[in-house]
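My notes follow the order in which I went through them.

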Amino acid sequence: MPISVYNRTWILETEHSAYVFGLNRAGMLVNCFWGNRLPARHDYPEPPDSSGWASFDGPAQCLPEEYPCYGGMSYHEPCLKACFADGVRDVRLSFQSASQADAEHLVLHLHDPYYPLAVDLHYRLHPQCDILERWAELRNEGNAIIQVERALSAAWQLPGPSAQRLSHLSGRWNDEFNLHRQPLTPGVFQLESRRMSSSHQHNPWFALDNGSATEESGQVWFGLLSWSGSWKLLAETTPFSSTRLLIGLNDWDFCWQLHPGETFTCPVSLAGYTQNGFGAASRLLHTHLRTQLPHAPALHKVLYNSWEATLFDVSAEGQAKLAEIAAQLGVERFVMDDGWFLGRHHDAAGLGDWKPDPTKFPHGLTPLIRRVHDLGMDFGLWLEPEMVNPNSDLYRAHPDWVLHYPTRPRTTARNQLMLNLARPDVQEYLIQSLSSLLSENDIAFIKWDMNRNVSEAGWPDAPGDPRQVWVEYTRGVYHVWNTLRTRFPNIVWQSCSGGGGRADAGILHLADQIWPSDNTSALARLRIQEGFSQAYPANTMEAWVTDADRHQLSLDFRFHVSMCGSLGIGGNLLAWSTAERLTAARHIARYKAIRPIVQLGDLYRLRSFAADGNPALLYLDQDRAHGVLFAFCTRADNPAAPTPISIRLQGLLPDGLYMMESQPLARSGASWMQQGLTLPLKPGESLLLQIERV
Ligand code: DGJ
């Protein structure tokens, strides 16, 4: 039984971990335990009690509350802050009852003792991946509006000394997914996005440890927020030896009018625990994201994307020429990027008018799509549905459809404005126009881009508080995308926001893949991919071989980097020599053979790029029978001499006998993992070696 009740506690157990909380003697809902699963129910601690610390800190300050509210004597960051119709801004929640939606889904029903505010706390377990999902639902059971000023998804409570280092991913456009590990000192550390997307700047992923966890060992608590709009993470260490991490919707510039009878559902915050280090934490997230999303993981085709080759200089003939070479290389999907639609000769026109430009495609897209099909590939297309150029028919017809304040200039970025997807008429327009495009053309893949962040987040004729736009916009994106996904179930979707500006677990409910960065330099990608892989699995990571680094790094090296994810090609194939095309064809054929292991296997980061520039990665299939090892050298004390790169494998069956390509003898898994092997590589060299259990 994954969920059991014992002595005023709820015990939530996954395969290896347990999360326990309960009602203390004062009736407060407090966390008791989050760690390795224990043999007996009575092994878990009882709910802690406290009468406070002198007259300055009440019990709420001293105890790990499951869902702290702003009310009473509370000074820590709360999950919930609200104002009732009579102006009272003090929220108290008392336990009413608990119910189970199913064997793995517990709901605790809480209620304000005076006001008609009900809060349901949801806990849903994914036992095989050691993952727990949490979210809150607020319900107004009265007759007057309740103003909700903050509604976070969850407070994750941790024993202080064991969780005083926070790992997170930060960056900027072209430079996403930098991994930071930093000690938490007294006070509140905040990460957030105010951009109406999850953002390049910070990713809604976290890991906590005591400062000594490594890739292979140590306790790690980790998690994600499943939301693609503005979000907030607050990590607070308290004077009472605890760490609390709160995560959810950003309350900056936020207010939600909770109407009588209305329910407000917070996004899912998911988290897990492992005692086996950061590598195991990533693998649990990967397994969860690969297996628990609404769409089953399919093997992604090798695609070609035309963007870096043509930019806006798109024509039917030019695309066909690229497609012919792509097909010769073994590419399976040809994707036409930006530049194909009405008036799109540069980035200052066309967004919003999702019809082929007649000067570029006088007979529509069909002739090109047929040509691509004849070449044995399927066809994909780039869209940026949320955007509009002022120079477009759509904007001329509906200038009020963008986010704006009537009294302020509308700030353009890349010459574009953001449609207000909170508006049902905008959602409907997009659903209709994109449905026409997708039903009139045989399209197998869509890259959904978003090339700017919000400004003037105004919604002049909003039905409620205009600040609800922060939530309604993202819900609008989800609604449009989900409707299209349901109508066109065979399309594969990619999320892109100028690279990795919207890479999150929420978008992965809609998108099969993510474009992690516009930076396609293989050296930069080694770092970006290492950061991306902390949270997201290889099958979601689209990786192109382009012409970046063409004169610095071999095509072999660049292919090996991209083969660590879902392989694509993005270079100008017309300029590739015969030798380069032959090399590419060889790698693409090889990738097709190993892609089930890379895309659906477990990833072991054997050596870190961040540590010394010489990373090694192992992908292992679920049976631990087939693996692929990638090793890269980018730095050496003496660039002229090979650097001995020593690698210890992980994840093999210790008693299994394994043969590694290029190595003379089969050895036990234990030997590969303890003694490992040494590969002599010079800077700029890489290796891909398959390993098989014999
Ligand atoms: C940004 C994307 O990340 C690129 O790959 C490309 O699609 C451009 N937008 C097109 O405008």
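**Ground rules.** I am working with a predicted model, in which local features need pLDDT of at least 70 and side-chain atom pairs count only at pLDDT 80 or more, while totals for chains, interfaces and linings use all residues. Residues are numbered from 1 along each chain as its sequence is written, and side-chain values use heavy atoms, with hydrogens and water left out.

**Domains.** I looked up the domain assignment, whose bounds come from an automatic or database source, and found domain 1 (3–292), domain 2 (303–511 + 537–600) and domain 3 (606–693). For domain 1 and domain 3, I noted C-alpha centres 39 Å apart.

**Helix pair.** I then turned to helix 2 (residues 277–291) and helix 9 (residues 522–535), whose axes come within 6 Å and cross at roughly 70°. Helices here are DSSP runs of H or I with at least four residues, and strands are runs of E with at least two, numbered from the N terminus; axes are lines fitted to C-alpha atoms, for helices over the stretch in contact, with angles from 0 to 180 degrees between N-to-C directions. The pair is therefore roughly perpendicular, a label that covers 65 to 115 degrees, whereas under 35 counts as roughly parallel, over 145 as roughly antiparallel and the rest as oblique. S282, L285, H286 and L289 of helix 2 make the contact with S533, Q534 and A535 of helix 9, where contact means heavy atoms within 4.5 Å.

**Cores.** I recorded a largest nonpolar core of 186 residues, and among those with the most contacts inside it are W156, F264 and W340; such a core is a set of buried Ala, Val, Leu, Ile, Met, Phe, Trp, Tyr and Cys residues joined through side-chain atoms within 4.5 Å. Helix 8 (residues 469–487) gives the most to this core, with nine residues. A second, separate core has 21 residues, including M660 and L677.

**Single residues.** I placed G568 in strand 30 (residues 566–569) and found it buried at a relative accessible area of 0%, where buried means under 20%, exposed over 50% and partly exposed in between, with a 1.4 Å probe and protein chains only. Leaving aside neighbours within four places in sequence, G568 is in contact with L303, E542, A543, W544 and V545. R333, in strand 22 (residues 333–336), counts as buried at 5% relative accessibility; among the residues that R333 touches, beyond four places in sequence, I listed L303, D378 and F445.
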